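Let us walk through this structure step by step. Keep the sequence and the 3D view side by side.

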Amino acid sequence: MKLTHLTALELGRAIAQGDVTIPQATQAALEEMAARDERLNSCITILEEQAMERSEALQRGLKPGLSPLYGVPLLLKDNLCTQGVRTTCGSKLLEHYVPPYNATAVDRVEGAGGVCLGKGNLDEFAMGSTTETSHFGPTRNPWEESRVPGGSSGGCAAGVAAGFAWYALGSDTGGSIRQPAGYCGLTGIKPTYGTVSRYGLIAYASSFDQVGPLCRDAADCAAVLDVIQGRDLRDSTTVDGDYGGLLAALTPDIRGLRVGLPVECFGEGLNPQVARRVQEVAGVLESRGAAVTWVTIPELEWGMETYYVLASAEASSNLARYDGVKYGFRAKEYKNLTQMYENTRSQGFGKEAKVRILLGTFVLSAGYYEAYYKKALAVQAQVKEGVKRAFGVCDVLLTPVTPNTAPRLGESLTNPMEMYLSDLYTVPANLAGLPALSMPCGVDGQGLPVGAQLVGPRFGEQVILNAAHAYQQETDHHKRVPRGGRVG
């Protein structure tokens, strides 16, 4: 079996047992990058020398009883601050920004013995669903290079799928972990809001953003969440709780699990091939003892509009700090302070970021706040109630991740509505602050991965991880790799 096709936990065991050294694993991943990333453009910054030095230091510290992920190389989305390593957010504004500190999630994976190989490409400031709005150029899908990898964590998803790393940390505001995981044949999870620190995650929409892993399977996701979850005094939105133990408690026994299929997620606009693959997931879960039923959550129909009003409003506020005064890009020509602001922001932000900033500023402006922003907050509360009602009759919701498989490069840029609609099934989990997982469930007629989404109640990570793990015991979709290769 090819080393870069192992799961993160399989590689961790091989390292612990002495079958593979950490420098060997690191070198194998870097060689894969060197061979293919010029075409895929999954990484903005590759840390070859730094990664090799760290891998050698970790190898010297290898001993029994360490994290199951000790020595396993990973990628970090380039909106997670890394001390001494530039963090660009895929934007001209931060092209040369080097943070003086690490994000909490970065500190935690490093504390577990992680080896960072590079910073993954992303849509500018995580605003997009295709990883085409990056200042550093688009990322290509390793399954089919004429297709997008999804976004905004598309660089990380493409990198893990292509074998450039064994897992990655991304961020999810409206589906930015789950949607690229679906397009690239990976398993990715957005945890419950407040369970993972956002300290050091450069904000898009603060009340929705969450850090989470992109992996090959559910077991790897459980292991990574065990590392990064937990209270952080530097992030007041993190919550106290009994964290850890997700991997230890992982079980394929889902007898009695109640699985709900929302009627609203299987209607008009859904590709029939995607619908068929997702409904096959329900059949597999049912064969393992789950009870499957249809549920109705009419409030989901309002989720898309609500999300874009609220997220854009928060983006308008969060991105106001990029004015050329303290750090980042500054326009070279200006006559006064106001013109410096105008020129810096006009030249520094890309088109999609400008669209969302303008939309957010509009809905927050006098005369429109009541009509749009305040109304969206009220609808968000109704979406939360609708989902909560559904969890009164089921333990987990099963939906598609996206209406279609990965579109061709450029298609979504010429039709922005299509790009926004790709988040149709993922945004409700962010609106409600719930954990949600994407897992591969087959391919379409063109051989492109199809993703199924499992949504759990608040703090229900174990429930959806167990359901995904049970499904992956019966299928091998998560073992497939691009170019028709197969693990095992």
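Start at the surface, where Glu48, Glu49, Glu53 and Glu56 gather in a patch of negative charge. Keep in mind that this model is predicted. Glu48 belongs to helix H3, which covers residues 48-60. Its relative accessibility is 49%, so Glu48 counts as partly exposed, because exposed means over 50%.

Now turn to the aromatic rings. The whole structure holds 13 aromatic pairs. One of them joins Tyr322 and Tyr327: the ring centres are 6.1 Å apart and the planes stand at 85°, so this pair is edge-to-face. Planes over 60 degrees apart count as edge-to-face. Are the two partners buried or exposed? Tyr322 is buried, at 5% relative accessibility. Tyr327 is partly exposed, with a relative accessible area of 34%. Both residues also belong to a cluster, in which ring pairs link Tyr97, Phe125, Tyr322, Tyr327 and Phe349.

Next, look at the backbone. Most residues other than glycine have a negative phi, and most peptide bonds are trans. Here are some exceptions.

Asn41 has a phi near 55°, a positive value, and is not a glycine. Find Asn41 in the loop between helix H2 (22-40) and strand S1 (43-46). Cys89 is not a glycine either, yet its phi is positive, at about 55°. Cys89 sits in the loop between strand S2 (73-77) and helix H4 (104-111). With a relative accessible area of 1%, Cys89 is buried.

Finish with a peptide bond. Gly151 and Ser152 are joined by a cis bond, with omega about 5°. Ser152 lies in the loop between strand S3 (115-120) and helix H5 (154-162).

Note on methods. Residues are numbered from 1 along each chain as its sequence is written. This is a predicted model: local features need pLDDT of at least 70, side-chain atom pairs count only at pLDDT 80 or more; totals for chains, interfaces and linings use all residues. Side-chain values use heavy atoms; hydrogens and water are left out. Patches are made of residues with over 30% relative accessible area and no salt bridge: like charges are joined within 9 Å, nonpolar side chains (Val, Leu, Ile, Met, Phe, Trp, Tyr) within 5 Å. Accessible areas come from the Shrake-Rupley method with a 1.4 Å probe; for residues, only the protein chains shown count as cover. A salt bridge is a side-chain nitrogen of Lys or Arg within 4 Å of a carboxyl oxygen of Asp or Glu. Lys and Arg count as positive and Asp and Glu as negative; His and the chain ends are not counted. The place of a charge is taken as NZ of Lys, CZ of Arg, CG of Asp or CD of Glu. Helices (H or I, at least four residues) and strands (E, at least two) are DSSP runs, numbered from the N terminus. Buried means under 20% relative accessible area, exposed over 50%, partly exposed in between (1.4 Å probe, protein chains only). Rings of Phe, Tyr and Trp (its six-membered ring) pair if their centres lie within 6.5 Å; planes under 30 degrees apart count as stacked, over 60 as edge-to-face and the rest as tilted.
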